[in-house]
Amino acid sequence: MRDRIRLAVPNKGRLVEPTLGLLHDAGLVFEESDRNLVARVQNYALDILFVRTNDVIEFVGDGVADLGITGEDLLSEAGAELPVVRRLGYGRCRLAAAVSSDAPYQAVEDLAGLRVATSHPETSRRYFAERRIPVDVIAISGAVEVAPRLGLAEAIVDLVSTGSTLAMNGLRPIGDVLASEAILVANPAAVRDRAAALTEIDTMLAAVIAARDKKYLMMNAPQARLAELQGLLPGLESPSVIPLAHAGMIAIHSVVDADAVWGLLPRLKAAGASGILVLPIEKLVS
Ligand code: AMP
């Protein structure tokens with residue numbers, strides 16, 4: 001058995017940057033100068049294989065890689081039954097059915113007997129078959145959004161994040177086929193034979209993801225205002241309260257949602273807090 005775990009990640013496209021960000025935030029040190037190659041992580045027994053996003057499932061399925069990072073939509077499209085170890089919280093999008101803005105179709109049921117162009121033919125076929133809507137799925141590999149305009153199909157199934165590309169192409173969504181985000185998938189044999197190593201990697205990535213939307217708050221306050229301040233700080237657990245050398249004063253430490261910090265700062269100040277520090281959290285395991 002190989003002594004180093006192999007992780008397949010995309011070498012091109014929109015998942016590259018957030019994936020590399022996640023691996024670097026996890027503390028892994030590696031060269032990414034040539035993404036066609038295998039990068040050897042210098043401070044951990046891991047090799048990173050840079051492959052096409054569409055090929056990640058194949059590499060993991062075949063056991064060439066033990067773990068892989070790719071889009072949920074691509075796992076669905078490959079029809080592979082690989083264990084999803086974790087959802088990674090980025091690369092969020094949905095696979096949506098859409099039609100020309102001026103077309104009469106309002107719901108996916110209205111597409112019965114029509115043509116649907118998509119680069120996700122397997123997922124689309126399953127979706128329409130499950131709903132017993134007979135459509136002609138036309139598989140194309142790119143520029144899906146122009147298919148209705150070109151007369152290739154009456155509808156499309158395509159990836160959408162904000163919806164602005166659909167709107168720009170004169171299209172209107174009429175139904176969601178699949179919600180997707182980046183996922184960590186594993187080879188089933190690796191899950192069985194290398195459970196400890198895989199858990200170590202997953203725990204580290206999960207800790208980075210969990211830390212991303214949290215902040216560490218530190219502040220000083222009069223002891224007499226503790227109850228009031230505690231009421232403002234739901235925290236991960238109850239806040240830490242530390243006596244200060246100055247009589248009657250305490251320090252309070254707490255983990256809070258990053259989005260809540262805006263609203264919290266003036267209220268903490270009004271409740272007597274001073275010297276408030278907001279610190280990033282590198283990793284969080286709760
Ligand atoms: P790409 O390699 O750039 O074509 O995209 C690869 C993956 O990025 C897709 O399979 C999706 O999982 C994910 N993705 C996230 N948001 C979008 C989006 N708005 N459009 C296309 N792909 C997206």
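These legends walk through several close-up views of a predicted model. Residues are numbered from 1 along each chain as its sequence is written, and side-chain values use heavy atoms, with hydrogens and water left out. Because the model is predicted, local features need pLDDT of at least 70 and side-chain atom pairs count only at pLDDT 80 or more, while totals for chains, interfaces and linings use all residues.

**View 1. The chain is assigned three domains, named domain 1, domain 2 and domain 3.** Domain 1 covers 5-89 + 181-211, domain 2 covers 93-179 and domain 3 covers 213-280; such bounds come from an automatic or database domain assignment. Between the C-alpha centres of domain 1 and domain 3 there are 38 Å.

**View 2. An open sheet has four strands in the order β13-β14-β12-β15.** Its pairing is antiparallel; two strands pair if DSSP finds at least two bridges between them. Strands here are DSSP runs of E with at least two residues, helices are runs of H or I with at least four, and both are numbered from the N terminus. At the edges are β13 (240-243) and β15 (274-280), each pairing on one side only. Four bridges join β13 to β14 (residues 249-257), and Val-241 stands opposite Ile-252 in β14.

**View 3. Helix α8 runs through residues 195-212.** Buried means under 20% relative accessible area, exposed over 50%, and partly exposed in between (1.4 Å probe, protein chains only).

**View 4. Arg-194 and Asp-66 form a salt bridge.** The term means a side-chain nitrogen of Lys or Arg within 4 Å of a carboxyl oxygen of Asp or Glu. The closest N and O atoms of this pair are 3.7 Å apart. Arg-194 lies in the loop between α7 (188-193) and α8, and Asp-66 in the loop between α2 (56-62) and β4 (67-71), so the pair ties together parts 128 residues apart in sequence.

**View 5. Lys-214 and Asp-257 meet in another salt bridge.** Here the closest N and O atoms are 2.5 Å apart. Lys-214 sits in strand β12 (residues 214-222) and Asp-257 in strand β14, 43 residues apart. Asp-257 counts as partly exposed, at 40% relative accessibility.

Conventions: Expected span 1.5 Å × (residues − 1).
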